[in-house]
Amino acid sequence: MPLAEWTELVLRSPHLTCVVLPEKGAEIASLTHAATGTQVLGRLRDTPPPDAAFGTAFPGAAEAEFNRWYAGGWQGLLPSGDAPCEIDGIRHSFHGESWGRPWTVLSSSADAALLTVDLAHPRLRVTREIRLAADRAEIAVRERVENLDAQPARILWGHHPVFGGALAAPGARIELPAADAETVRCDATSRFADATGLRWPPDGAAVMPAGPAHDLVLAHGFAEGRARVVTPDGSLAVAIRFDPGLFRWLWVWILAGGAEAEPFVGRRVVGVEPWTGPPGLDRAVREGQALVLTPGEERTTEIAIAVEATGEAP
């Protein structure tokens, strides 16, 4: 699928090919498994071409701005997630700011790249290393966030990978460790009402439905930082590994032909998204679940996604 006019940074290993769009938030736009030819990440459409309006809506960009540019893939999201809000005098945009800024490539090789960006609301420096393993089908994203402000920064930090094709087909399985859960009603096509105090999986949440459905399930309170999505026939899986001490929530986004807004209508993807807190920075602040970085403080973490195919070592 063409990626329409953005500069592409292509990384390759014997097992994976990865396309990064540095100008579009250092988004990982595609991830192809060499042994099976599978495009692992979900794609809703061609990436919209760049224009002069990209990245100009901050601070306070609404959901429609994110949706205008969204095409699938894997985004890192800072310093907020979900609805716009104002915290500590800072206007936060829908899903933050990092997705809508051009990043600078500091270095790159055949199978790795180092990128950085400075955010303005609040002032954060984000450095991201993307590396493909040489001996297995695994991609690792190592990310460092530094608070450049003279005051503490209360933020949400998340990663937004979505998977498509057979990984989002009816009957695909979503496997999480034991966890508490909440359900969120996204729109009229959602199967679930807003509910708290549940356990994973709420009825029907662990298997991709035939649809139409548009669901969000929030898992938290898990002890292990891992999750898997498995095709209906078990021939292919993706396994996500992350630090559960930092990313204490998993937002499980199930798009199964439902949704009321473009570009989501009629599409199928499943997202398993590690986040530091629940949707909405304002909620996270109220509940004491925001990540707080003191002036000059840095935090570093790594998220890895491995592709597991029948007959291959995971």
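Two strands are taken as paired if DSSP finds at least two bridges between them, strands being DSSP runs (E, at least two residues) and helices likewise (H or I, at least four), numbered from the N terminus. The model is predicted, and local features need pLDDT of at least 70, side-chain atom pairs count only at pLDDT 80 or more, and totals for chains, interfaces and linings use all residues. Residues are numbered from 1 along each chain as its sequence is written, and side-chain values use heavy atoms, with hydrogens and water left out.

Strands S18 (residues 226–230) and S19 (residues 236–241) pair in the antiparallel sense over five bridges; Ala 227 has Ile 240 of S19 as its bridge partner. Both strands belong to an open, antiparallel sheet of eight strands in the order S8-S9-S10-S11-S23-S19-S18-S14. S8 (104–108) and S14 (173–175) stand at the edges with a single partner strand each, so one side of each is left without a neighbour in the sheet.

Helix H1 (residues 63–69) contains Asn 67. Asn 67 is buried, with a relative accessible area of 10% (buried: under 20%, 1.4 Å probe, protein chains only). Beyond its neighbours within four places in sequence, Asn 67 is in contact (heavy atoms within 4.5 Å) with Arg 45, Glu 262, Pro 263 and Phe 264.

H1 also supplies at least two residues of the lining of the largest pocket, as do each of S15 (180–185), S17 (213–220) and S20 (249–256). A pocket is an open set of points on a 1 Å grid over the protein atoms alone, where a 1.4 Å probe fits, with protein on both sides within 12 Å along at least five of seven lines; lining residues have an atom within 4 Å of a point. The lining comprises 24 residues, of which Glu 63, Asp 82, Phe 94, Cys 186 and His 214 lie nearest the centre of the pocket.

Notes: Buried means under 20% relative accessible area, exposed over 50%, partly exposed in between (1.4 Å probe, protein chains only).
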